[in-house]
Amino acid sequence: MVDILGNIEDLDEKIRTAARKAGRRRRDITLVAVSKKQPDSRIDMALEAGHRFFGENRVQEAVERWSERRKTHLDLRLHCIGPLQTNKVKDAVALFDVIETVDREKLARKLGEVMRERGDAKPCFVQVNTGQESQKSGIAPESLSDFLHYCRRDCGLRITGLMCIPPLEAPPEEHFKMLRDMAARHNIAHLSMGMSNDFEEAIALGATHIRVGTGFFGPRPKN
Ligand SMILES: *Cc1c(COP(=O)(O)O)cnc(C)c1O
């Protein structure tokens, strides 16, 4: 059996240490537990341990997993960390507290519409394709400035953060630095960067949200 409570304690200690080394405070870093594809038993162990921040990358899976649990855990904070199709925006806005993957104009427009209809401007992060990878979603770094204007001025979105997924093969630090510098230039407070294998480096470079899946829950079961 996976020892979720033990994992949480280990992660907390590592986050605390990385924060201290960087002259930062533990409470300025949010551990988002990426629960995609994880069995319900592990999710419930995490909830029992008191963890409340979770990330999901598929809307349908997230709705199935979290709709009921939301009702009994009013302080849950759910982050959408996967590619979002415009036809899923209504469901996504109804379920999630933060949308981390605003990555194109059409999506920004739809998010703006739906949030306005609901009177519910949820915080959004813009995903930046720091590695300029053609297969990866995200805004090209050189287009970020225009895109931020578009999101805020034309769509009325509350952009509070930037998010990136660095290329698999490369050392992540240069991507974390890029994201940090872009956020500073645009006065953006939150930085979602760092996963199981590199969250300590990300914290050293300013991450406010780390997205940890396997390091939190254990390996995702193959299906
Ligand atoms: C799956 C996923 C993670 C977590 O990855 P781990 O290596 O399991 O920590 C983080 N961010 C995104 C966008 C993901 O899809």
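**Salt bridges**

Guide: D12 has a relative accessibility of 23%, so this residue counts as partly exposed; the model it belongs to is a predicted one. The partner of D12 is R26, and the two form a salt bridge in which the closest N and O atoms are 2.8 Å apart. D12 sits in helix α1, residues 4-21, while R26 belongs to the loop between α1 and β1 (30-34), so this pair ties together parts separated by 14 residues in sequence. As background, oppositely charged side chains can pair when their charged atoms come close.

The next pair lies within one helix. E68 and K71 form a salt bridge with an N to O distance of 2.9 Å. These two residues are three apart in helix α3, residues 59-72, and therefore about one helical turn separates them. E68 and K71 are both exposed, which means that each has over 50% relative accessible area.

A further salt bridge joins R180 to D181, whose closest N and O atoms are 3.3 Å apart. R180 is partly exposed because its relative accessible area is 33%. D181 is also partly exposed, at 36% relative accessibility. Elsewhere, salt bridges with shared partners connect six residues into one network: D40, D44, E56, E61, R65 and R69.

For the whole structure, the count of salt bridges is 19. The pairs described here are among them, including D12 with R26, E68 with K71 and R180 with D181.

Key: Residues numbered from 1 in each chain as written. Predicted model: local features only at pLDDT ≥ 70, side-chain atom pairs only at ≥ 80, totals over all residues. Heavy atoms only, no water. Salt bridge = Lys/Arg side-chain N within 4 Å of Asp/Glu carboxyl O. Helix = DSSP H or I, 4+ residues; strand = E, 2+ residues; numbered from the N terminus. Buried < 20%, exposed > 50% of the residue type's maximum accessible area, 1.4 Å probe, protein only.
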